[in-house]
Amino acid sequence: MRRLVPALLVASFVACAQGNLEAQRERMVRQHIEQRGVRDRRVLEAMRKTPRHLFVPEGLRAMAYADQPLPIGHGQTISQPYIVAFMTELLELKPDQKALEIGTGSGYQAAVLSHLVGHLYTIEIVPELARSSAPLLKQLGYKNVTVRDGDGYKGWPEQAPFDRILLTAAPPEIPQALLEQLKPGGRLVAPVGASVFEQELVVIDKDKDGKLHRRPSLPVRFVPMVRGKE
């Protein structure tokens, strides 16, 4: 019986810690996302299901459910939860759609999107991040996500066209290749700006005739979108 006590204590500690993380995640969704105007129930549920603490460096996990971006190494960040939810809602995703994400990072945004689409293709220009996010997503059971390292400016022509495209890094202007890979009737959401002090989130819709319609959403600050080497 004495030998069981440490095991029981460990199990109790793990359950308590897990419950605390779930409570923090629920608080994050209610206070920082839902109360700030995100209303799509599918998006809110995806945010509740996605364990953000597993997508941040271990030393920062105590801050995982704060409403702020966090560094993930290589000069990159995991986005603020509210912004993740807001951009996801702007996409108006459907379960049968094929989506492209530019900027996998740690894989958190991809994990959120995976709950809402048929299949997600995601590109990361930093090879080390692609090599870490791909197995993590697989380990956590996100089977409808395909990760590769590459130049987001070129998109993923082999899998185009896409119903939805999301950029999680800011180019000075939307790459032409991505606009061409957007399906008629599709939508692209991206931060755009020549510097972090001049960025705005934009929504681009392509109508059935291929004409593009652009509208601004709100000021943002994202890491710059990096071009691959020629």
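Predicted model: local features only at pLDDT ≥ 70, side-chain atom pairs only at ≥ 80, totals over all residues.
Q: OK, which residues touch the most other members in the largest nonpolar core?
A: Those are Ile-33, Met-47, Phe-55, Tyr-108, Leu-137 and Val-189, out of 49 residues. A nonpolar core is a set of buried Ala, Val, Leu, Ile, Met, Phe, Trp, Tyr and Cys residues joined through side-chain atoms within 4.5 Å. Buried means under 20% relative accessible area, exposed over 50%, and partly exposed in between (1.4 Å probe, protein chains only).

Q: And which elements give two or more residues to this core?
A: Among them are helix H1 (4-34), helix H2 (41-49), helix H3 (81-91) and strand S8 (200-206). Helices (H or I, at least four residues) and strands (E, at least two) are DSSP runs, numbered from the N terminus. The largest share, eight residues, comes from H3. Apart from this core lies another one, of 21 residues, including Ile-165 and Met-225.

Q: Back to H3, how many of its residues are buried?
A: Eleven of the eleven, so H3 is largely enclosed by the rest of the structure. Tyr-82, Phe-86 and Glu-89 are among those buried residues. After H3 comes Glu-92, whose phi is positive, near 50°.

Q: What lies over the face of Tyr-82?
A: Arg-36 does, at 3.8 Å from the ring centre. A charge sits over a ring if NZ of Lys or CZ of Arg is within 6 Å of the ring centre and within 35 degrees of the ring normal. Arg-52 lies over the face of Tyr-108 too, at 5.6 Å from the ring centre.

Q: What else is Tyr-108 in contact with?
A: Leaving aside neighbours within four places in sequence, its contacts include Met-28, Met-47, Phe-55 and Val-84. Contact means heavy atoms within 4.5 Å.

Q: Switching topic: where is Arg-187, and is it buried or exposed?
A: Arg-187 lies in strand S7 (residues 182-192). It is buried, with a relative accessible area of 10%. Its side chain makes a polar contact of 2.6 Å with the side chain of Asp-205. A polar contact is a pair of N or O atoms within 3.5 Å; within protein, one must be able to donate a hydrogen and the other to accept it, and residues adjacent in sequence count only if both atoms are side-chain atoms.

Q: Which strand pairs with S7, and in what sense?
A: Strand S6 (residues 162-167) pairs with S7 in the parallel sense over four bridges. Two strands pair if DSSP finds at least two bridges between them. Leu-166 stands opposite Val-189 in S7. Eight of the eleven residues of S7 are buried, so S7 is largely enclosed by the rest of the structure.

Q: Last one: what caps the N-terminal end of H2?
A: Asp-40 does, with a side-chain oxygen 2.9 Å from the backbone nitrogen of Arg-42. In the loop between H2 and S1 you'll find Val-56, which counts as buried at 4% relative accessibility. Val-56 touches Arg-61, Ala-64, Leu-70 and Ile-78, not counting residues up to four places away in sequence.

Technical notes: Residues numbered from 1 in each chain as written. Heavy atoms only, no water.
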